[in-house]
Amino acid sequence: MSRVPFYLKERLESLRERVLHEEFEASKLPPWERVIITWVALMAFWVVISGSFRVRDLIVGAAVTLIIAAFMRDLLTEDIRKSGHIVEKLLYFAFIYLPQYLVIMAFRLLESNLKVAKNVIFMDINPGIVKIKTDLHSDTGVTILANSITLTPGTLTLDVNKKLGETYLYVHWIDLETLNREKAGEKIKGDIEEWLKKVFW
């Protein structure tokens, strides 16, 4: 059997990975924006942990978190989409995107709990594993999506597979409603993926 198809497949995969890498590099935030976003996140964490609003504590916290942010800027911001002004991004995330995610997850948790309770009470359980596709490419976005699916009762993300520039999740579903990959993806992911695409690439 000729090895040409395998060679072409490897070349195609290599080209897609290169295109994705170039798109990822082009979509990165400038270094100073990454420092500021990391600093704001660390400073908020500092205030929550210390529980103090005294000026002396805030100044110490601001200095310490700024030094850490300068060195750790890529850890939190590597996969964030480059769009809009930094102030706009921070305000949107704090007052729109984060509350949206909490509301979406609250409704999905409530809905899933009721469905699982119904399945258990009526012994109507039809478990199975389904493979769904995600449009997310960044590791952070895929990780949050997989963890959000796992956090929802009735579904458990088993594995993530990246191939030819596409990402697939293998999900154990307590009540396998459909074997159609697109319909299963819509039911399992809900609005979470659309929300993540606003923040991560």
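Why the labels apply: helices, burial and salt bridges

Read along the sequence, the chain runs α-α-α-α-β-α-β-β-α-α, where helices (H or I, at least four residues) and strands (E, at least two) are DSSP runs numbered from the N terminus. This is a predicted model, in which local features need pLDDT of at least 70 and side-chain atom pairs count only at pLDDT 80 or more, while totals for chains, interfaces and linings use all residues. Residues are numbered from 1 along each chain as its sequence is written, and side-chain values use heavy atoms, with hydrogens and water left out.

Student: Why is T38 called buried?
Tutor: Buried means under 20% relative accessible area, exposed over 50%, and partly exposed in between (1.4 Å probe, protein chains only). T38 has 2% relative accessibility, so T38 counts as buried. T38 lies in helix 2 (residues 31-50), where E33, R34, V35, I37, M43 and V47 are among the buried residues too.

Student: Which residues is T38 in contact with, leaving aside its neighbours within four places in sequence?
Tutor: They are A69, M72, R73, L76 and T77. Contact means heavy atoms within 4.5 Å.

Student: How do you know that the span of helix 2 agrees with its 20 residues?
Tutor: The expected span is 1.5 Å times one less than the number of residues. For helix 2 that should be 28 Å, and the end C-alpha atoms are 28 Å apart, so the two agree. Helix 2 is followed by G51, whose phi is positive, near 65°.

Student: What makes R56 and D57 a salt bridge?
Tutor: A salt bridge is a side-chain nitrogen of Lys or Arg within 4 Å of a carboxyl oxygen of Asp or Glu. The closest N and O atoms of R56 and D57 are 3.9 Å apart, and the pair forms a salt bridge. R56 counts as exposed because its relative accessibility is 57%, whereas D57, at 17%, is buried.

Student: What do E166 and K133 tie together?
Tutor: Their side chains meet in a salt bridge at 3.6 Å, N to O. E166 lies in strand 3 (residues 166-173) and K133 in strand 1 (residues 128-134), so the pair ties together parts that are 33 residues apart in sequence. With 28% relative accessibility, E166 counts as partly exposed; K133, at 34%, is partly exposed as well.

Student: Are K189 and E193 buried or exposed?
Tutor: K189 has 9% relative accessibility and therefore counts as buried. E193, at 5%, is buried too. Their side chains meet in a salt bridge (3.1 Å, N to O).
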